[in-house]
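Welcome, and please open the model in your viewer. We will go from stop to stop, and at each one you will hear what to select and what is there.

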Amino acid sequence: MPDSAEAIFGQVVDAARARGVTEVEAILASDTSALTRFANNAIHQNVSERNTQLSVRAVAGGRSARASTNRLDREAIRGVVEQAIAITRLTESDPELQPLADPAAYPEVSRWFESTACSTPAGRARAVAEAIGAVEAAGQTAAGIYSTEESSFALLNSRGVNASYRETTARFSITAMAGDSSGWAKAGACDLRDLNPLELARSAARKASQSGAPRELPSGRYTVILEPAAVLDLVGQMFADFSGTAIREGRSFLNDRIGKKVFGGNITIHDDACHPLQSGAPFDGEGVPRRRLTLVDGGVVRDIAYSRQAAALAGAAPTGHGFPLPNEYGEMPVNIVIAGGDSYIEKMLASTERGILVTRFWYIREVDPYEKIFTGMTRDGTFLVEDGLIAAGVRNFRFNQSLVEMLSNVESLSATVRASGEETFDMVVPAMKVRDFNFTEVTRF
Amino acid sequence: MKDLAWRALDAVSRPGVTYADVRAIETRDRDVTTRNGKAGNVACSESQGIGIRVLASGCWGFAASSDLTNEGIERAARLAIEIARSGVAAKKADVSLAPESSYQATWVSPCAIDPFSIPVDQNLAALLAVDAELRRNPAISLAETAMRFVWQRQVFASTLGSLIDQTRTTSGAGFSALCYKNGEIQKRSFPNSVGGQHQLKGYELVQELDLPGHAARIAEEAVALHSAPQCPEGERDLILDSSQLGLQVHESIGHPVELDRVLGSEANYAGMSFLTLDRLNHLRYGSAIVNVVCDARLEHGPGLGTFAFDDEGVPAQSTDIIRAGQFTGYMTSRETAAAVGQARSNGCMRADGCARLPLIRMTNVSLLAGEQSLEEVMGADHAIYMETNRSWSIDDKRYNFQFGCEIAWEMRHGKRVRMLKNPSYSGISTEFWNACAAIAGREHWTLWGVPNCGKGQPEQVMGTGHGASPARFHKIKIGSAYAG
């Protein structure tokens with residue numbers, strides 16, 4: 001960062017006081033990221049980005065609004081404070097608006113790694129070339145990304161909150177394409193050394209080879225074995241509903257379901273910012289420490305996330321899951337850990353007489369907000385399982401599946417991993433074997 | 001800004017660099033929303049930055065920075081070149097670009113009322129009036145309203161000698177009413193879902209939409225859906241309103257004709273396309289009344305995809321994508337045009353701000369108006385009429401799609417006979433467009449804005465335009481979202 005967060009916040013406070021406002025909050029977020037992208041067995045897009053943003057929220061007379069800038073000179077800082085105050089004074093008074101948060105102690109998490117922060121274009125290119133080589137050796141074509149990111153985030157307010165956090169993230173994703181089939185693998189980690197691009201490339205190539213000459217099966221209900229990325233991208237769609245604000249506004253599928261058994265007895269889900277496989281700050285967008293939540297316990301919906309305002313309205317305690325104010329969504333658990341079981345993919349296959357193994361889902365969208373029906377496609381590695389073995393690749397299916405029903409039909413779970421997909425953020429999830437999964441159509445490949 | 005772009009171009013013009021372009025961008029935006037009678041998100045932001053794209057050692061490199069000091073620009077330029085040279089480790093061939101001329105131009109999009117000249121309290125007052133009208137209906141659980149305004153000035157400079165200064169103002173506004181009752185959620189939106197209508201206009205767009213005039217009906221429909229019968233399953237003649245048809249064009253025509261998808265650049269994320277090169281000028285994409293263009297020119301209308309030059313300095317153009325049902329054109333860039341032997345890019349490279357590399361993106365991909373009257377479109381013996389998108393999904397080669405809408409009516413001889421809830425339809429892209437039986441005329445044609453089109457890694461969100469008028473399709477599979 002060009003200057004310390006405290007020094008910048010000092011300028012924010014001075015500028016606010018000069019305008020007669022004493023309640024002010026600032027967020028300083030800095031990000032340096034790079035991404036090496038490849039397709040057709042060659043690097044084709046190769047980018048880097050560096051940005052710092054200052055965001056200021058003023059609170060005055062029950063009103064609040066936010067202004068942001070990525071210029072950090074003294075004049076720009078004064079300008080963004082004046083802008084925040086000007087629009088705050090023009091907004092409507094909200095009797096339910098909470099005062100700024102008070103200081104609190106935060107759990108220690110360590111998620112910044114020099115190995116990731118110091119990665120170079122040449123280092124990423126070498127790893128990509130090696131991964132492409134593995135796919136080319138299988139007679140296939142590779143496409144994917146290798147990205148690294150270093151970010152820091154500081155939230156300070158005039159009541160003394162001074163919360164800061166930094167982390168690094170590395171991601172590798174690869175699609176291997178054969179003549180009429182494809183395979184995919186992806187992983188993300190805070191420490192780049194936890195990624196193995198070559199192994200991911202080999203896994204994608206194996207899937208592409210195994211799924212060649214795909215058969216067309218009729219749509220219908222099948223037993224499915226969902227790899228962790230498939231579980232993540234589908235089940236991950238429901239967590240915005242574990243929100244006090246969403247429930248109060250009637251947009252959550254948990255209305256009239258809290259405390260009830262909604263899912264099968266083998267489904268237990270926590271939100272845990274300190275889990276060793278998780279990432280992200282241990283405090284929320286107002287500076288409240290993130291509490292560990294038991295969202296689902298043995299199929300019964302238990303805890304709900306509450307921002308400070310949602311908690312006050314519900315007569316509950318804030319859980320540390322609020323987004324920076326003002327916002328339209330309230331709060332959401334973002335460190336999901338779905339408890340695993342004692343099974344594993346090979347064991348799930350061995351116990352399946354006839355079913356479908358799914359590598360990943362794609363283009364998942366909500367069809368019914370209360371029954372939590374989602375539609376989407378399988379992609380990049382969909383297999384027929386017969387008599388305990390992978391029998392063939394199959395043409396991709398469209399599904400229309402209720403999550404309430406699906407999570408009541410889970411027959412077994414694997415141990416948990418940190419999974420990366422394309423439809424939601426990374427979570428810690430197991431693979432799942434699910435009966436009666438609803439495939440409604442088949443596409444042309 | 002021009003000085004900034006020149007400085008960055010100077011910094012990157014070094015031995016071994018065969019081409020470079022720079023985009024210096026300044027952006028201001030404002031979001032104002034309300035929820036259930038209170039201000040929701042009230043926020044504004046401004047940003048400045050540069051994006052430097054360079055071709056060296058036959059590979060692309062790109063670096064962006066918000067540090068606009070001489071040191072910051074130098075660092076970004078050096079990094080862009082270092083990144084380009086690193087690509088040699090996995091290179092198959094040198095990048096080659098279709099030729100393009102050099103341009104000196106200044107262009108400002110039409111904007112009758114500067115939206116930033118309207119005070120925030122007036123935005124809020126207008127939205128709260130709509131919110132109050134929605135909640136006059138006691139069954140509404142959540143009333144949401146929104147306005148969004150973006151002003152962006154971009155100076156593009158390239159080693160071809162181009163210097164292009166473009167300023168665009170876009171506005172968006174809309175509202176929705178949600179009703180939760182007895183274990184069921186129903187929602188209606190106006191004039192469209194995903195935040196309403198978005199166009200290349202100033203505050204005059206908000207005035208034209210007449211949001212308050214539609215609030216009572218929308219709230220009433222959200223509540224009435226609870227007691228409407230479920231949309232049936234089966235094959236029916238299907239009529240789509242123009243906003244839903246705009247999204248249908250976006251997903252099942254716009255994305256498949258992106259030539260970078262066809263050539264595999266997006267294979268790991270957004271996917272590829274069924275429109276392989278052998279299908280150009282040979283595929284019967286739709287029925288004979290289907291005509292689709294990709295048109296970024298102002299004469300097409302004030303779309304989110306309207307500009308004077310794309311983000312690699314190519315002038316706005318109009319390309320026939322489907323002519324009388326025949327597939328006739330892709331959207332291209334200088335690189336992809338060269339790759340398939342075309343003489344020139346048709347100007348579809350767009351970037352989500354200075355920190356992102358330009359990609360082939362839809363400009364305004366529009367279904368041209370038909371020759372039928374609205375009465376002829378609606379006048380089938382028996383049909384289902386669906387309005388306002390609720391969900392959208394399509395496979396990664398763009399064959400199989402499924403859309404859900406907020407509301408539908410069973411139609412007999414052009415008359416609405418009953419409301420239906422949870423409508424959906426599905427199909428295969430080319431089969432769907434070949435089933436197009438009637439398209440309403442120009443007076444019913446609307447250029448819709450899709451503000452949230454995602455593509456690329458790192459992901460970029462782009463606004464695209466899609467003109468359409470209501471149309472009827474023969475024997476389409478409906479109700480599939482609730483099948484099984």
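A crossing is left-handed if the near helix is turned anticlockwise from the far one by less than a right angle, and right-handed if clockwise. Helices (H or I, at least four residues) and strands (E, at least two) are DSSP runs, numbered from the N terminus. The model is predicted: local features need pLDDT of at least 70, side-chain atom pairs count only at pLDDT 80 or more, and totals for chains, interfaces and linings use all residues. Residues are numbered from 1 along each chain as its sequence is written, while chains are lettered from A and ligands numbered from 1 in the order in which they are written.

**Stop 1: chain A**

Select chain A, where the secondary structure comes to ten helices and 19 strands. The radius of gyration of chain A is 24 Å, close to the 22 Å from the globule rule for 445 residues, so chain A is as compact as a globular protein of that length. (This radius is taken over C-alpha atoms, and the rule is 2.2 Å times the number of residues to the power 0.38.) The C-alpha trace of chain A spans about 75 × 55 × 35 Å along its principal axes.

Now pick helix H1 (residues 5–18) and helix H2 (residues 74–90) of chain A, whose axes come within 9 Å and cross at roughly 50°. Axes are lines fitted to C-alpha atoms, for helices over the stretch in contact, and angles run from 0 to 180 degrees between N-to-C directions. H1(A) and H2(A) are therefore oblique to each other. Here angles under 35 degrees count as roughly parallel, over 145 as roughly antiparallel, 65 to 115 as roughly perpendicular and the rest as oblique.

Show the side chains next. A:Ile8, A:Gln11, A:Val12, A:Ala15 and A:Ala16 of H1(A) meet A:Arg74, A:Ile77, A:Arg78, A:Val81, A:Glu82 and A:Ile85 of H2(A). Contact means that the C-beta atoms of two residues, placed from the backbone, lie within 7 Å. By class, the contact of H1(A) with H2(A) has seven nonpolar, one polar and three charged residues. (Ala, Val, Leu, Ile, Met, Phe, Trp, Tyr, Cys and Pro count as nonpolar, Asp, Glu, Lys and Arg as charged, and the others, Gly among them, as polar.)

**Stop 2: chain B**

Switch to chain B, with ten helices and 23 strands. Its C-alpha trace spans about 70 × 55 × 40 Å along its principal axes.

Take helix H1 (residues 2–12) of chain B together with H2(B): their axes come within 9 Å and cross at roughly 45°. That makes H1(B) oblique to H2(B), and H1(B) passes H2(B) in a right-handed crossing. On H1(B), colour B:Arg7, B:Ala8, B:Ala11 and B:Val12; they make the contact with B:Ile73, B:Glu74, B:Ala77, B:Ala80 and B:Ile81 of H2(B). This contact of H1(B) with H2(B) has seven nonpolar, no polar and two charged residues.

**Stop 3: strands of chain B**

Select strand E1 (residues 17–35) of chain B, which 17 bridges join to E2(B) in an antiparallel run. Two strands pair if DSSP finds at least two bridges between them. B:Asp31 has B:Ala43 as its bridge partner in E2(B). E1(B) and E2(B) form a hairpin with two residues between them, and B:Asn36 in the turn has a positive phi of about 50°. E1(B) is also joined by 15 bridges to strand E5 (residues 142–158) of chain B, again antiparallel, with B:Arg28 opposite B:Trp151.

Move on to the open sheet of four strands in the order E12-E11-E10-E15 (chain B), paired antiparallel. Strand E12 (326–327) and strand E15 (365–367) of chain B stand at the edges, each with a single partner strand, so one side of each is left without a neighbour in the sheet.

**Stop 4: between the chains**

Show both chains: 72 residues of chain B are in contact with 75 residues of chain A. Strand E2 (residues 38–56) of chain B gives the largest share of the side of chain B that touches chain A, twelve residues. Four bridges join strand E3 (residues 63–69) of chain A to E2(B), and the two run parallel; A:Ala67 has B:Cys44 as its bridge partner.

Finish with helix H4 (residues 121–137) of chain A and helix H2 (residues 70–86) of chain B, whose axes come within 9 Å and cross at roughly 20°. That makes H4(A) roughly parallel to H2(B). Look for A:Pro121, A:Ala122 and A:Ala125 in H4(A), which meet B:Glu82, B:Ile83 and B:Ser86 in H2(B).
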